[in-house]
Amino acid sequence: TDAYMIIMLRTFNFNEESIIRGLAGRIAGMQEDSGAWKLYRDQAEGDLSATVEAYYALLFSGYFDKDDERMAAARRFILSRGGLSRTRMLTKAMLAATGQYAWRNHFSIPLETILLPSHFPVSFYDFSSYARIYMTPLLILADRKFVIRTERTPDLSDLFVRHPYDIRLPHPDADNPQYRFLLEAIGSGIKKLLFLPQHIRSLALRRAEQYMLERIEPDGTLYSYASATILMIFALAALGYPVRHPVIANAVNGLKSMICNAGGAIHLQNSPSEVWDTALISHALQEAGMSPASPAIRKAGQYLLARQHRKYGDWSVHNPNTPPGGWGFSDTNTIHPDVDDTTAALRAIRQLAKTDAAYASAWQRGIRWVLSMQNDDGGWAAFEKNTDKHLLTRIPVENAKDALIEPSTADLTGRTLEFLGNGAGLHLHHAHIRRGVKWLVRHQEADGSWYGRWGICYIYGTWAALTGMVAVGVSPDDPSIVKAVRWLLSIQNPDGGWGESCRSDIAKAYAPLQASTITHTAWAVDALIAVFRQSTPAIERGIRYLLAAGSGGDWTANYPVGGGLPGSFYIHYHSYRYIWPLLALSHFKPIVR
């Protein structure tokens with residue numbers, strides 16, 4: 001995000017010198033001695049796409065020169081890893097839009113896909129919401145083959161190992177019969193559209209433009225995502241919007257409002273997490289014994305009450321008969337709710353809803369929305385319902401399964417069950433609960449763990465599944481729970497803690513961090529407390545680690561434990577090191593009295 005912000009501000013000549021200087025300084029400070037940039041500390045050698053983006057942004061900032069020793073080291077790393085042709089799709093798109101890379105054949109999805117109605121075998125709304133919000137500006141840019149260069153645009157032509165027109169490497173599914181069937185289905189659908197062929201392309205462009213404009217939040221950003229907003233600015237320029245158009249100006253101001261202080265440097269958050277943080281902190285404080293009548297909890301409740309959604313968003317395409325009632329992630333999010341934020345907010349206002357009619361109404365709307373979002377397979381996903389058409393994963397895009405569709409996940413299903421059990425009093429006699437539990441049992445890994453999509457990763461998913469199943473009445477002696485507990489105990493570190501590497505979500509198998517983190521330990525301890533309901537040696541060792549590590553500040557305190565897109569995007573939540581240990585310690589208190 002920092003790199004993209006610099007590239008966008010310089011490309012369109014926005015006079016934001018202090019922002020550019022600050023972002024460039026933060027990027028430069030994160031470079032490894034090898035010349036590379038990493039996505040997480042224990043990434044083996046460095047990340048090619050992140051290094052290309054950082055290198056490009058630093059050159060574009062004007063504060064760094066190609067002849068600088070550190071820049072030369074970055075260039076050597078990029079070339080040693082195959083150059084620009086080996087970068088990820090989003091990196092290639094930013095390079096192409098600024099004249100560093102060819103657009104030809106860049107995307108496998110035709111722009112006209114956006115016109116296909118939902119009743120077709122394949123439609124735009126079969127893709128996940130987060131895929132659509134990035135695909136839309138990308139498809140506009142690719143269709144227009146938009147390029148903008150300025151006098152300040154660096155020249156990256158020396159970073160090609162292969163010819164610049166060889167823009168994408170063969171994908172293992174490119175010749176797959178299912179992929180060919182998918183393209184044929186899309187093509188067949190386009191031919192059935194009731195428009196003259198010469199009008200379809202212009203209509204698709206207008207529809208794509210409208211799709212973006214209708215999803216701009218009050219702060220000017222697209223869905224409250226910084227990276228999607230930056231792509232939107234390029235796409236609007238490709239459609240002929242002048243650089244100083246109010247929509248673009250508002251988008252830039254919205255991006256500036258997402259800049260925060262991170263360890264003494266400024267950083268552009270991809271999506272600020274005010275609602276998520278507020279809900280989690282309020283709930284943790286109440287679990288620790290703070291009265292719902294206290295000013296802090298009351299103020300948090302008022303904030304959350306004002307952020308409950310009242311607009312229909314894209315979620316209603318697959319769930320049309322339910323009124324709005326969810327919560328989103330960010331302060332300015334009004335149309336893009338998700339199940340995790342909604343259950344978090346409901347946990348936080350639960351006690352307030354017992355005595356206040358306004359909260360009681362919000363509670364009922366929220367519960368109704370959460371239950372309605374259960375997928376047909378029994379699990380829950382984050383943003384939308386039944387967007388799990390696996391045929392779309394045959395499209396030759398990296399991380400297609402994680403990026404293009406949104407199936408049920410163990411973390412969402414487990415956390416939803418935990419709320420419905422402990423927060424709403426629903427148990428195994430309820431049909432929604434039985435179906436959710438059955439989904440979890442079916443999707444348990446062979447070693448006893450569960451994969452968590454939005455956290456790192458198997459510890460996260462296993463914690464969510466265990467606490468959810470126990471909360472709704474599954475016996476601790478159930479074979480699935482026994483197996484999961486055995487796995488958790490087997491990966492406890494000698495210091496009493498737990499830790500997991502971001503490599504897990506790439507390998508889709510547990511990868512130890514070779515160190516413990518406060519957050520992973522809190523999740524594991526909380527899961528064990530939920531199952532055993534009494535103290536055990538493993539729990540006590542974990543508690544001792546939390547108490548000893550609570551005042552520490554080594555590198556593990558900043559290790560990312562939030563997942564965005566496997567192998568591409570990770571999240572460090574500054575509040576997690578306080579929230580999850582507080583919850584675990586609060587849940588530990590009753591079992592030792």
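Where is Asn386 found? Asn386 sits in the loop between helix 14 (357-372) and helix 15 (400-403). Helices here are DSSP runs of H or I with at least four residues, and strands are runs of E with at least two, both numbered from the N terminus.

Good morning. The structure is a predicted model, in which local features need pLDDT of at least 70 and side-chain atom pairs count only at pLDDT 80 or more, while totals for chains, interfaces and linings use all residues. Residues are numbered from 1 along each chain as its sequence is written, and side-chain values use heavy atoms, with hydrogens and water left out.

Let me begin with the whole chain. The protein chain has 23 helices and six strands. Its C-alpha trace spans about 70 × 60 × 50 Å along the principal axes. Buried residues (under 20% relative accessible area, with exposed meaning over 50% and partly exposed in between, for a 1.4 Å probe and protein chains only) make up 61% of the 593 residues.

I turn next to helix 5. Helix 5 covers residues 89-97, and seven of its nine residues are buried. Among them are Thr91, Lys92 and Met94. The buried residues of helix 5 pack against helix 1 (2-11), helix 3 (48-61), helix 6 (129-144) and helix 9 (226-238). Just after helix 5, Gly99 takes a positive phi of about 85°.

Now to the backbone elsewhere. Most residues other than glycine have a negative phi, and most peptide bonds are trans. Asn386, however, has a positive phi near 60°, and Asn386 is partly exposed at 24% relative accessibility. Gln514, in strand 4, has a positive phi near 65°. Is Gln514 buried or exposed? With a relative accessible area of 68%, Gln514 is exposed. A cis peptide bond, with omega about -20°, joins Ile456 and Cys457. Cys457 lies in the loop between helix 17 (431-442) and helix 18 (458-471).

Finally, consider Thr517, which also belongs to strand 4 (residues 512-517). Why does Thr517 count as buried? Thr517 counts as buried because its relative accessible area is 1%. Contact means heavy atoms within 4.5 Å. Leaving aside neighbours within four places in sequence, Thr517 is in contact with Trp498, Gly499, Tyr545 and Thr556. The side chain of Thr517 also makes a polar contact, at 2.9 Å, with the side chain of His520. A polar contact is a pair of N or O atoms within 3.5 Å; within protein, one must be able to donate a hydrogen and the other to accept it, and residues adjacent in sequence count only if both atoms are side-chain atoms.
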